[in-house]
Amino acid sequence: EFFMYRDLGVADATNGRVIAQLVRAQKEPENGTGWHVHHASFHIVYMLRGWARFMYEDRETLVAAGDCVHQAPGIRHYLFD
């Protein structure tokens, strides 16, 4: 509910193996996204503006404007700040 997504059509073109979306935060995720996984063969986060703090399994990661992070297929993670 705090993100707005714009799908770029890549999932349809790759039968779901690659997902490409533009994601914009509409408000702060006060309680985070909760633990989850993405079912795609390729997933990156490229931060255009601002920053976000993720937990990847047991590792905290800050992603700031200009950073690009590869999320391994099926890695358990959540955005919390």
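This is a predicted model: local features need pLDDT of at least 70, side-chain atom pairs count only at pLDDT 80 or more; totals for chains, interfaces and linings use all residues.

User: OK, is F3 buried, partly exposed or exposed?
Analyst: F3 has a relative accessible area of 23%, so F3 is partly exposed.

User: How many aromatic pairs are there in the whole structure?
Analyst: Four. Rings of Phe, Tyr and Trp (its six-membered ring) pair if their centres lie within 6.5 Å; planes under 30 degrees apart count as stacked, over 60 as edge-to-face and the rest as tilted. One of the pairs is F3 with Y5: centres 6.1 Å apart and planes at 80°, so edge-to-face. Another is W35 with Y78, at 4.6 Å and 75°, so that pair is edge-to-face too.

User: Where do W35 and Y78 lie?
Analyst: W35 is in the loop between strand 2 and strand 3, and Y78 is in strand 7, so the pair ties together parts that are 43 residues apart in sequence. Strands (E, at least two residues) are DSSP runs, numbered from the N terminus. W35, Y78 and F80 also form one aromatic cluster.

User: What sits over the ring of W35?
Analyst: The charged end of R76, 4.2 Å from the ring centre. The cut-off there is NZ of Lys or CZ of Arg within 6 Å of the ring centre and within 35 degrees of the ring normal.

User: Switching topic: how many salt bridges does the structure hold?
Analyst: Two, counting a side-chain nitrogen of Lys or Arg within 4 Å of a carboxyl oxygen of Asp or Glu. R53 meets E60 at 3.5 Å, N to O, and R53 meets D81 at 3.7 Å, N to O. R53 lies in strand 4 (residues 51-56) and D81 in the segment after strand 7 (77-79), so this pair ties together parts 28 residues apart in sequence.

User: And is R53 buried, partly exposed or exposed?
Analyst: R53 is partly exposed, at 24% relative accessibility. E60 is partly exposed at 48%, and D81 is partly exposed at 35%.

How values were computed:
Residues are numbered from 1 along each chain as its sequence is written. Side-chain values use heavy atoms; hydrogens and water are left out. Buried means under 20% relative accessible area, exposed over 50%, partly exposed in between (1.4 Å probe, protein chains only). Helices (H or I, at least four residues) and strands (E, at least two) are DSSP runs, numbered from the N terminus.
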